[in-house]
Amino acid sequence: MDVYGNAITLQQQTYGDTCQDFTVTSAKLSVRSLASWTCTVWIAAYAVFFYTQHSAVLTAAILVSIVGLLLYLHLVKVDHESLLILGSLGIQTTTTYASGRERTVFVEMCRVQDVVINEGLSLHRVNYYLCLLLRDPSEPQAGLSQVVPVFQGSRPRVDCLGEIYRSCQEILASQREHGGKTA
């Protein structure tokens with residue numbers, strides 16, 4: 001389950017001692033919620049049309065619902081997210097949206113200071129995030145330079161994040177022992 005109570009799945013694949021891939025898959029788009037949202041917009045548009053007798057209202061409602069759905073699928077609705085940690089190379093995060101669009105970020109291992117579970121407060125809720133702590137390799141004494149949250153679209157619960165965290169820490173510790181400087 002994610003933090004909102006929706007069903008998600010965590011898949012973990014191991015490709016060796018220092019390479020693991022974690023994929024969090026979100027629930028598919030609900031046809032029921034999509035249909036209810038569309039019907040609500042169109043009924044409201046028909047009520048305005050009935051009162052004003054302007055057909056542009058119905059056209060605008062259709063266009064707004066279609067454009068809104070496309071923007072939601074392309075920019076908001078995350079299908080799955082993955083974190084690939086390659087001990088000697090770096091960490092790659094990939095976010096795949098419901099429209100098929102992908103966003104991939106690769107961070108070299110020399111920039112990774114640590115992987116942590118961070119907590120954030122929002123009104124009455126404590127949210128937990130898996131974060132990459134990055135440093136600037138050109139200034140090793142400067143310390144932390146950037147915090148990159150991972151799995152922002154699927155928002156897994158802290159128990160799921162803990163499992164990913166432990167595996168990441170094992171790989172980072174292995175790299176530190178074998179001379180791959182990551183801290």
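Trainee: What covers the buried residues of helix 3?

Mentor: Start with the terms. Helices (H or I, at least four residues) and strands (E, at least two) are DSSP runs, numbered from the N terminus. Buried means under 20% relative accessible area, exposed over 50%, partly exposed in between (1.4 Å probe, protein chains only). Contact means heavy atoms within 4.5 Å. Here the cover includes strand 1 (8–16), strand 2 (19–26), strand 3 (78–86), strand 6 (112–122) and strand 7 (125–135). Among the buried residues of helix 3 are Cys160, Leu161, Ile164, Cys168 and Leu172.

This is a predicted model: local features need pLDDT of at least 70, side-chain atom pairs count only at pLDDT 80 or more, while totals for chains, interfaces and linings use all residues. Residues are numbered from 1 along each chain as its sequence is written, and side-chain values use heavy atoms, with hydrogens and water left out.

Trainee: How many residues does the largest nonpolar core have, and which have the most contacts inside it?

Mentor: In soluble globular proteins, nonpolar side chains tend to be buried together. A nonpolar core is a set of buried Ala, Val, Leu, Ile, Met, Phe, Trp, Tyr and Cys residues joined through side-chain atoms within 4.5 Å. The largest one here has 21 residues, with Leu83, Ile91, Phe151 and Ile164 making the most contacts inside it. Strand 2, strand 3, strand 6, strand 7 and helix 3 each supply at least two residues. Helix 3 gives the largest share, 6 residues.

Trainee: Which residues does Leu83 touch?

Mentor: Leave out residues up to four places away in sequence; the contacts then include Phe22, Ile91, Val150, Phe151, Ile164 and Cys168.

Trainee: What is the phi of Phe151, and is Phe151 buried or exposed?

Mentor: Most residues other than glycine have a negative phi. Phe151 has a positive phi of about 60 degrees, although it is not a glycine. Phe151 lies in the loop between strand 8 (144–150) and helix 3. Phe151 counts as buried because its relative accessibility is 3%.

Trainee: And what of Gln53: where does it lie?

Mentor: Gln53 sits in the loop between helix 1 (31–52) and helix 2. Its phi is near 65 degrees, a positive value in a residue other than glycine. Gln53 is exposed, with a relative accessible area of 53%.

Trainee: Which residues does Thr23 touch?

Mentor: Thr23 lies in strand 2. Not counting residues up to four places away in sequence, Thr23 touches Thr9, Leu10, Gln11, His80, Glu81 and Ser82. The C-alpha atoms of Thr23 and Gln11 are separated by 5.1 Å, at 12 residues apart along the chain.
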